Structures are given as structure tokens and as C-alpha cells.
Amino acid sequence: MLLRGRTDGLIHSPIGNAFALLDGHTHARPLLDLSQAAPSFPPPPVVAERVAAVAYEQNSGRYVPQPGLPELRTAMASELTERYPGSIATENVLITAGCNQAFCVVASAITKPGDNLIVALPYYFNHDMWLEVEEVERRYLEPGPNMVPSVDDAAALIDEHTRAILLVSPGNPSGVTLSPELIGAFRDLCVARDIMLVIDETYRSNRGTDAAAHDLYAEPAWTDTVVTLHSFSKDLAIPGYRVGAVVAGTAVVTEALKLIDCVAICAPRIGQEAALAGLLHATEWRAEQAARIHERHQQFKEVMAAKPGGYELVSSGAYFGWVRHPHTDKPAQEVVSDLLKSKDILVIPGTAFTPTDQQMLRFSFANLDEAEIDELARRLSE
Ligand SMILES: Cc1ncc(COP(=O)(O)O)c(C=O)c1O
């Protein structure tokens, strides 16, 4: 039967495609899986203990208040107020089933079909997929030097149907962290043109610094313009618990909440309890994991400096390396298949993150341990 829906033939899941390649693949040696970015370590013990304890509580299976557990919203507001200049109130925090859901409900709350969003390239594929499904035009903002987008280029793309500029910092797949000054300049543009600035901060703990990522909340009227999106998946190693957050003005929170009501009713209680325990009691653990991933990043940059096998690291950071492959005659998807077949390395083709093939691949180096990063370089140069 013809499905005739909004997905058939229109969008494709890059992670699903990557895992499909593994069907029928027999490894000659252990697989180096650099496809889906996921912590390779378990959550902190304090989180596991809380999850186990909650399961026995009287209300453990019940819905939670739709915007999220009040204690978690408050803890998230306090955490952000501590780490950024300015102040965030509990009412500005909406808990979602992960950062992907946070983006979807915000995007749908602020756009109608035919509107457009300025989307910095390379994009996070699920953002682009959702906007396609919602019939929202993407106006792609090409990166400038060092994979950093320019405010002037963004300004030139805005028209009367533009609803927001969308940034991801640190970037997935580029790994690039945008400076607080640049983020502030994007905010100024958005204020001047009366559009929103939406920033996905999933990897904010992986910037290699404790300095504030931006000072957007310091502006008293930030709630008119700024929306930030957050994830607990990587920070607490709980991607399967599905918990994230929208931080925004109450107008956006109110509209996004109607969509949460339809698709999830509320984010899972168990995930929210896990996130709360982590926010309150795992600060040191989070810093240690971020430091560990930062060390892997340094090692990854070192081994890639020699361009093993002609693979060139264009930019990197957070969990990712954005890598130019040397096979000028082959589509990126074919290079991905070849890497799996001949080297037992699984990566995502750059075409998942850009509208055209630019000879790029995404490597989630943070999935690997120290020995595996050395092994990656060895296999690439074979
Ligand atoms: C930029 C970005 N946003 C959102 C997500 C999804 O996060 P969550 O697991 O919280 O839905 C990811 C996960 O890879 C990501 O890289």
C-alpha cells in the first residue's frame, strides 16, 4: 500500500542506515564503531542507585507533571544559573524525552509550513529531518573559515518568513564550539530582525573549558529571543533513559507543552529521577568524564595529524571528528561501506549532515578507548 505520509521517501535515518550495514557483515577483527555517538561507560553509581530505589516507590509508575518533575526543573535552572551569567527560573525549564524531542516541539511551536529557519551547516541530521517533515524551508548557512558560521551571511538569508536561526555548539558533526562573542552577535541579529535564536547545547560539557558557553541569559529580555536545548544523555551516560530540556520564555514553554502532551504526555519519570540524581550528586563524575573525553580528543587529533591513509581531519571537538576522505571518485556512502568491509570501521557519511556530498565523514571518536584510537589510525593507514 502507498503510505503517502510525510516520511516515505523524504527522510532517511542515518543511524538506522549505519546499523543496517552491519547486517550480514562478518568482522575480520573487532569492530571500531564510530557511528552513533554514545558514552561507552555506565552512568554514575548515584544515578543507578536512585533509579533502583525509585522503582520501589509508590508513585514510580505514574505520570509526572507535564512540564517535568518540579525538583528537576529547579535543579536545572540552578545549574544553568551557576554556570552562565544571568538567571534562569524554574518556569523557563521544560523537561522533554531527550534533546531531540526538545528540538521537535520547539520547532513546531515556532513555525508553520512555508516558514523558514536559518540552519548552520553542517547540520545535525535529526534537525533537518524534522523540519522537512514539518514543511519548514531550511536556508542553509555555509560555514566560513574553521567551520564557523558568519552573522553577516545569516543576515543575508533572513526574509519575512524566517522564524529563527538554529545553531549547535559544540557542533555535531563539526565539533566546533562557537565563542560567546559570536553567539552574542547572533543574538543581536535575531533581536534586530525579530526572530528567535535556537541553540542546541547537547555537548556543552565537552567544550574543554568551564567558562560560560555564552551570556545570553544575562540580558533581561532573553526570554523574548533565546531558546536553548539540552540533553542529559551524554553528560550522565543515560541516552536510553530519554531526558532532556528546553530552556525558553514561558510563551514557548506553554506552546511546546501542548505538543509534549500529544506525543509523550510527559517525559519518562525514571529518566527524570536519574537526571535529578545526576545533577544534584554527580558533578565531580561529570567533570571527570568530560576530562576523559577531552583527553581522547587530544589523542585523536594527534593520530589524525599525520592524515592516516589520506583521511584529513577538518575540524573536531565534543565527541566528533569531521573528516575529509581521500576517495574523490566515490560517493561518501560507498566510502563508508568500503571502510566497514575492508577495515571494520563504522562511521557516518557526511551526506547525513549536508545537502550535497562534500567528500566528508563523521567519526565519533569519543566512542573509542585509548588503544582503539591508535588502532583506528593504524587501520586507516593500511
Ligand atoms: C546535537 C544533538 N542534539 C540532540 C541529540 C539527541 O540527544 P538526546 O539523546 O537527548 O535526544 C544529539 C545526540 O546525538 C545531538 O548530537
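This is a predicted model: local features need pLDDT of at least 70, side-chain atom pairs count only at pLDDT 80 or more; totals for chains, interfaces and linings use all residues.
**Tyr124**

Residue numbers start from 1 along each chain as its sequence is written.

I placed Tyr124 in the loop between strand E3 (116-120) and helix H5 (125-133). (Helices, H or I with at least four residues, and strands, E with at least two, are DSSP runs numbered from the N terminus.) Leaving out residues up to four places away in sequence, I found Tyr124 touching Val168, Asn172 and Asp200. (Contact means C-beta atoms, placed from the backbone, within 7 Å.) I also checked Leu167, 43 residues from Tyr124 along the chain; their C-alpha atoms are separated by 9.5 Å.

Next I looked at strand E8 (residues 244-247). Both of its faces are covered. Gly244 and Val246 are buried on one side, Ala245 and Val247 on the other. Strand E2 (residues 93-96) runs antiparallel to E8, joined by four bridges. (Strands pair if DSSP finds at least two bridges between them.) Here Leu94 stands opposite Val246. Strand E7 (residues 226-231) is also antiparallel to E8, again with four bridges. The bridge partner of His230 in E8 is Ala245.

I then listed the contacts of Val246, not counting residues up to four places away in sequence. Among them are Leu94, Ala102, Val106, Leu229 and Val253.

**The core**

Which residues have the most contacts inside the largest nonpolar core? They are Val106, Ile165 and Val246, in a core of 112 residues. (Such a core is a set of buried Ala, Val, Leu, Ile, Met, Phe, Trp, Tyr and Cys residues joined through C-beta atoms within 7 Å.) Helix H4 (residues 99-110) gives the most to this core, eight residues. Domain 1 (14-42 + 285-381) and domain 2 (45-282) both contribute residues, so the core lies between them. (These bounds come from an automatic or database domain assignment.)

**Between the domains**

I noted 26 Å between the centres of domain 1 and domain 2, taken over C-alpha atoms. Their contact takes 24 residues from domain 1 and 24 residues from domain 2. On the domain 1 side, helix H10 (283-304), E9 and strand E10 (320-324) each supply at least two residues. H10 gives the most there, with five residues. I sorted that side by class: 16 nonpolar, six polar and two charged residues. (Ala, Val, Leu, Ile, Met, Phe, Trp, Tyr, Cys and Pro count as nonpolar, Asp, Glu, Lys and Arg as charged, and the others, Gly among them, as polar.)

**The four-stranded sheet**

I traced an open sheet in the order E9-E10-E13-E12, with antiparallel pairing. Strands E9 (312-317) and E12 (348-349) stand at the edges with a single partner each, so one side of each has no neighbour in the sheet. E12 pairs with strand E13 (residues 360-363) over two bridges. Pro349 has Leu361 in E13 as its bridge partner.

**The ligand**

Last, I checked the 13 residues around the ligand. Gly98, Cys99, Asn100, Ser231 and Ser233 come nearest. (Near means a C-beta atom, placed from the backbone, within 6 Å of the molecule or strand.) The shell has five nonpolar, seven polar and one charged residues.

Terms used:
A residue is buried if 20 or more other C-beta atoms lie within 10 Å of its own, exposed if 12 or fewer, and partly exposed in between; C-beta atoms are placed from the backbone. Two residues are in contact if their C-beta atoms, placed from the backbone, lie within 7 Å.
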